[in-house]
Amino acid sequence: MVHENNCPMLQSSTKQIFLSKINSDNMPQTLLACVFLAGVVSAVLIVFVSSFFGELSYSLFNTRKEIRKTNNENLHFGTSMIWRGRQKTAMNQEVKKEALTALNLAMDMFAQGKNEKALKLFQHAIALDPLHADILNEYGEFIEKHEKDIVLANHLYSKALILRPTHSKAVINCKRTMPIVEEIDQTCFNRIDKKRDRLYKIPSNHPGIRRAKKETYYLHIYHTNAIEGNTLTLEQTRAIIETRMAIGGKSLHEQNEVIGIDAALGFMNNSLLAKAGNINLDDILEVHKRVLGFVDPTEGGRLRRSQVFVGHFKPPPSKELPELMKEFILWLNSEEVSKIHPIEYAALAHYKLVTIHPFYDGNGRTSRLLMNLILMQAGFPPVSIKVEDRYRYYETLEMANEGDIRPFIRFIAECTERTVDEFLLAAVEHSSNDTLSLATIPEVSDSDQRRIVINNYP
């Protein structure tokens with residue numbers, strides 16, 4: 001109940017009606033009573049509506065504040081997010097039931113040869129329940145038989161086994177397809193190796209190669225910062241590096257991020273490139289010190305001392321970091337890594353470091369720099385993960401977190417091959433010798449390749 005003493009608006013309305021009543025002695029009493037009651041009701045309604053919308057406005061304002069607070073925390077802790085995947089919600093029985101119904105319908109459509117309808121139903125089922133082993137296995141069989149994508153099919157079988165290791169059909173399917181997938185991956189590595197060998201037989205003073213190196217340098221700095229939300233354009237990034245002059249209308253924080261990556265690349269090229277198989281913790285800390293040194297000098301170059309949260313991922317506690325980094329460094333220089341392909345080695349190093357999440361900020365940028373250091377030591381040019389590929393980048397990292405690292409390794413291999421292709425194309429397009437072509441570039445030995453890359457990236 002609303003009381004007049006507590007409502008100035010109601011008091012004002014009542015007072016106006018009372019004065020009106022005094023000046024209207026000739027009006028019928030019934031009419032005056034109706035006017036009075038209408039005024040009271042109107043006042044009550046006004047107070048109620050104002051109160052309701054005021055509370056609603058306050059609620060919405062606080063909600064926006066909470067969203068801004070959450071976003072700021074994510075930006076603060078998550079500029080190197082390991083995976084920015086979808087939030088996982090509890091699966092209710094009705095959704096599971098609908099997913100299985102869609103699965104059964106999809107299998108029926110597939111059996112009848114209605115593949116387009118089957119594909120849509122499979123996709124609907126897996127969207128409803130992406131962690132159901134039966135759905136993953138049946139969808140994998142459909143992908144293998146109809147889409148002829150044995151790599152994706154094997155990933156689905158593997159994911160089904162991670163969720164249910166005793167799934168008999170997934171065990172058979174995974175065992176059957178695994179050798180084929182391994183051969184496909186090795187063929188990809190061999191193809192990239194041949195392209196790399198052809199690239200480094202081209203003279204280092206070739207104008208196309210010189211220009212490609214310079215452009216790749218700027219592109220790496222631009223993309224590795226843009227992935228983390230930096231809004232500077234490629235042209236602005238290049239201008240900052242070349243002139244060291246500030247860009248009007250852009251935050252100094254973002255511009256200092258550019259200078260930091262430039263400094264880190266310079267340190268790597270001058271001090272770490274020749275240290276293949278001998279990278280220590282101090283080297284990684286020195287790289288991070290330069291990555292973050294112009295943005296947050298107090299945190300640059302040292303392990304974090306508190307717990308951080310990255311989306312729904314919780315990195316290891318800070319007290320475990322010294323031991324985790326010790327194990328990581330031992331693995332980084334172990335005999336084990338010498339037996340795997342450099343692209344796989346680089347991708348694993350990236351993933352392991354960003355999973356440990358040893359720093360308060362700059363984990364993603366430092367991990368990508370470490371990945372490039374390993375690739376450059378193996379004779380590859382520095383690789384950029386393009387900002388337009390950000391979704392695939394985080395998606396494959398999420399797949400790795402779910403138990404299958406191979407999609408992430410393939411993604412890094414794809415980025416590496418694209419970069420090598422760009423270098424080869426630049427050599428052909430800018431060649432003054434018409435006889436130079438991709439087919440005529442000879443291959444080089446491993447020892448020559450190592451020597452060439454160190455000389456080309458001082």
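Here is a short chat about the fold, the aromatic rings and the charged side chains.

Analyst: Before we start, this is a predicted model, so local features need pLDDT of at least 70 and side-chain atom pairs count only at pLDDT 80 or more, while totals for chains, interfaces and linings use all residues. Residues are numbered from 1 along each chain as its sequence is written, and side-chain values use heavy atoms, with hydrogens and water left out.

User: How many helices and how many strands does the protein have?

Analyst: Helices (H or I, at least four residues) and strands (E, at least two) are DSSP runs, numbered from the N terminus. Counted that way, the secondary structure comes to 17 helices and zero strands.

User: What percentage of the residues is buried?

Analyst: Buried means under 20% relative accessible area, exposed means over 50%, and partly exposed is in between (1.4 Å probe, protein chains only). The protein has 458 residues, and the buried share is 45%.

User: Are the rings of Phe110 and Phe142 stacked or edge-to-face?

Analyst: Rings of Phe, Tyr and Trp (its six-membered ring) pair if their centres lie within 6.5 Å; planes under 30 degrees apart count as stacked, over 60 as edge-to-face and the rest as tilted. The whole structure holds nine aromatic pairs. In this one the centres are 4.9 Å apart and the planes sit at 80°, so the pair is edge-to-face.

User: Which helices does that pair link?

Analyst: Phe110 and Phe142 are 32 residues apart, so the pair links distant parts of the chain. Phe110 is partly exposed at 26% relative accessibility, whereas Phe142 is buried at 0%. Phe110 belongs to helix α3 (residues 93-111) and Phe142 to helix α5 (residues 133-147), which gives helices α3 and α5.

User: Are Phe328 and Trp331 stacked or edge-to-face?

Analyst: These two are three residues apart in helix α12 (residues 321-332), about one helical turn. Phe328 is buried at 4% relative accessibility, and Trp331 is buried at 11%. Their centres lie 6.1 Å apart with 25° between the planes, and the pair is stacked.

User: Which residue lies over the face of Trp331?

Analyst: A charge sits over a ring if NZ of Lys or CZ of Arg is within 6 Å of the ring centre and within 35 degrees of the ring normal. For Trp331, the charge is 4.8 Å from the ring centre, and the residue is Lys352.

User: Which residue forms a salt bridge with Glu286?

Analyst: A salt bridge is a side-chain nitrogen of Lys or Arg within 4 Å of a carboxyl oxygen of Asp or Glu, and the whole structure has 24 salt bridges. With the closest N and O atoms 2.6 Å apart, the partner is Arg290.

User: Is Asp283 buried or exposed?

Analyst: Asp283 forms a salt bridge with Lys275, with the closest N and O atoms 2.7 Å apart. Lys275 is partly exposed at 21% relative accessibility. Asp283 has 9% relative accessibility, so this residue counts as buried.

User: Which residues is His220 in contact with, leaving aside its neighbours within four places in sequence?

Analyst: His220 is in helix α8 (residues 207-226) and is buried at 4% relative accessibility. Contact means heavy atoms within 4.5 Å. On that basis, the residues are Ile261, Leu265, Leu369, Asn372, Val383 and Ser384.
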